[in-house]
Amino acid sequence: QVQVVESGGGLVQAGGSLRLSCAASGSISSLDAMGWHRQAPGKQRELVATITRGGTTNYADSVKGRFTISRDNAKNTVYLQMNSLKPEDTAVYYCKCNARARSEYTWRDYWGQGTQVTVSS
């Protein structure tokens with residue numbers, strides 16, 4: 001099985017910064033795209049940013065220029081540096097990893113439990 005664990009959430013004032021981390025572990029045969037999604041109260045989960053194993057990135061328009069996604073393939077870890085945070089960035093942030101476990105032949109998406117980010121005005 002593959003486990004995904006996020007860390008780094010918290011409370012920050014508007015204009016501040018936070019860095020989220022997400023590590024994938026367990027019986028991983030291959031790990032491809034990793035990314036972050038978020039879900040605010042009463043809203044649907046939305047994509048924030050993704051990064052392929054080769055380093056190609058994709059961002060939601062709402063975070064372009066403020067958030068930076070990166071990864072360390074040797075550690076199966078993805079990061080999200082969030083700068084110039086706004087109250088509307090408040091949400092639970094979830095990490096998603098596309099991986100193939102050693103016991104399986106197919107690729108699957110694995111999700112973390114989420115980490116709360118709260119931005120006060």
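This is a predicted model: local features need pLDDT of at least 70, side-chain atom pairs count only at pLDDT 80 or more; totals for chains, interfaces and linings use all residues.
A disulfide is a pair of cysteine sulfur atoms within 2.5 Å. The structure holds one such link: Cys22 and Cys95 form it, with their sulfur atoms 2.0 Å apart. The angle about the S-S bond is -80°, and the link of Cys22 and Cys95 is left-handed. Cys22 belongs to strand S3 (residues 18–26) and Cys95 to strand S9 (residues 91–101), so the pair ties together parts that are 73 residues apart in sequence. Strands (E, at least two residues) are DSSP runs, numbered from the N terminus.

Residues are numbered from 1 along each chain as its sequence is written, and side-chain values use heavy atoms, with hydrogens and water left out.

How accessible are the cysteines? Cys22 is buried, with a relative accessible area of 0%; buried means under 20% relative accessible area, exposed over 50%, and partly exposed in between (1.4 Å probe, protein chains only). Cys95 also counts as buried, at 0% relative accessibility. Cys97, by contrast, is in no disulfide, and the nearest cysteine sulfur, that of Cys95, is 3.9 Å away. Cys97 counts as buried at 0% relative accessibility.

Leaving aside neighbours within four places in sequence, Glu6 is in contact (heavy atoms within 4.5 Å) with residues including Cys22, Trp36, Tyr94, Cys95 and Gln113. Which backbone nitrogens does the side chain of Glu6 reach? A polar atom of this side chain lies 2.8 Å from the backbone nitrogen of Cys95, and the side chain reaches the backbone nitrogen of Gln113 at 3.1 Å.

Thr77 lies in strand S8 (residues 77–82) and is buried, its relative accessible area being 9%. Not counting residues up to four places away in sequence, Thr77 touches Cys22, Ala23, Met34, Ser70, Arg71 and Asp72.

Methods:
A polar contact is a pair of N or O atoms within 3.5 Å; within protein, one must be able to donate a hydrogen and the other to accept it, and residues adjacent in sequence count only if both atoms are side-chain atoms. Helices (H or I, at least four residues) and strands (E, at least two) are DSSP runs, numbered from the N terminus.
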